[in-house]
Amino acid sequence: MGSRVPEVIDRLVELGKADGALKDVRVADGPEVTEDSSEDWLIVGFDGDPAGDMQAAQTVGGWAGLGRRREEQWQITVAAIASRGDTDVRAARMRAYEIGARVEAWVLADPTLGLLELEAAIEASQLTQDQNEDGVQALLLLTVAGRGFT
């Protein structure tokens, strides 16, 4: 099955790793099993819930051009995570939004993300905040949505 999702995920990861404003942020392609103790993460293709369904993306599509091509609409989940070893919820929340703002900046600078026959935007976001014995964590989920031809 043809889909633009794999190349869009690859492109978002590439943009994250190349973004100098994210030099202190661990950029990952989906969830990772790691002992990395980074406090700040940008994870492309992950819903932020290690106990959840691990949804990375979803698509719908229809035919264009008399069945020779398919127009696909897609949504990719991106998690911006900021953890702190303290209880400063505001600091964690602000950092999560700073990380998420970089994704928005890429899309605003080039809605095609540098890919042919594609357009993207931030469609939705969701913020969760949690405190436990390790400190506070803010999780900002972004839905990067768009459409393109396969």
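The largest pocket comes in at about 360 Å³. Here a pocket is an open set of points on a 1 Å grid over the protein atoms alone, with protein on both sides within 12 Å along at least five of seven lines, and its volume is the space filled by probe spheres (1.4 Å probe) set on points joined across faces, edges and corners. This is a predicted model, where totals for linings use all residues. Residues are numbered from 1 along each chain as its sequence is written.

**Exercise 1.** Work out which residues and elements line the largest pocket.

*Solution.* Start at the centre: of 16 lining residues (an atom within 4 Å of a point), Ile43, Phe46, Pro50, Ile81 and Gln137 sit closest to it. Next, the elements: β2 (40–44), β5 (118–132) and β6 (135–149) give two or more residues each, strands being DSSP runs of E, at least two residues, numbered from the N terminus. β5 has the largest share, with three residues. Last, the classes: seven nonpolar, six polar and three charged. Nonpolar covers Ala, Val, Leu, Ile, Met, Phe, Trp, Tyr, Cys and Pro; charged covers Asp, Glu, Lys and Arg; the others, Gly among them, are polar.

Conventions:
This is a predicted model: local features need pLDDT of at least 70, side-chain atom pairs count only at pLDDT 80 or more; totals for chains, interfaces and linings use all residues. Side-chain values use heavy atoms; hydrogens and water are left out. Helices (H or I, at least four residues) and strands (E, at least two) are DSSP runs, numbered from the N terminus.
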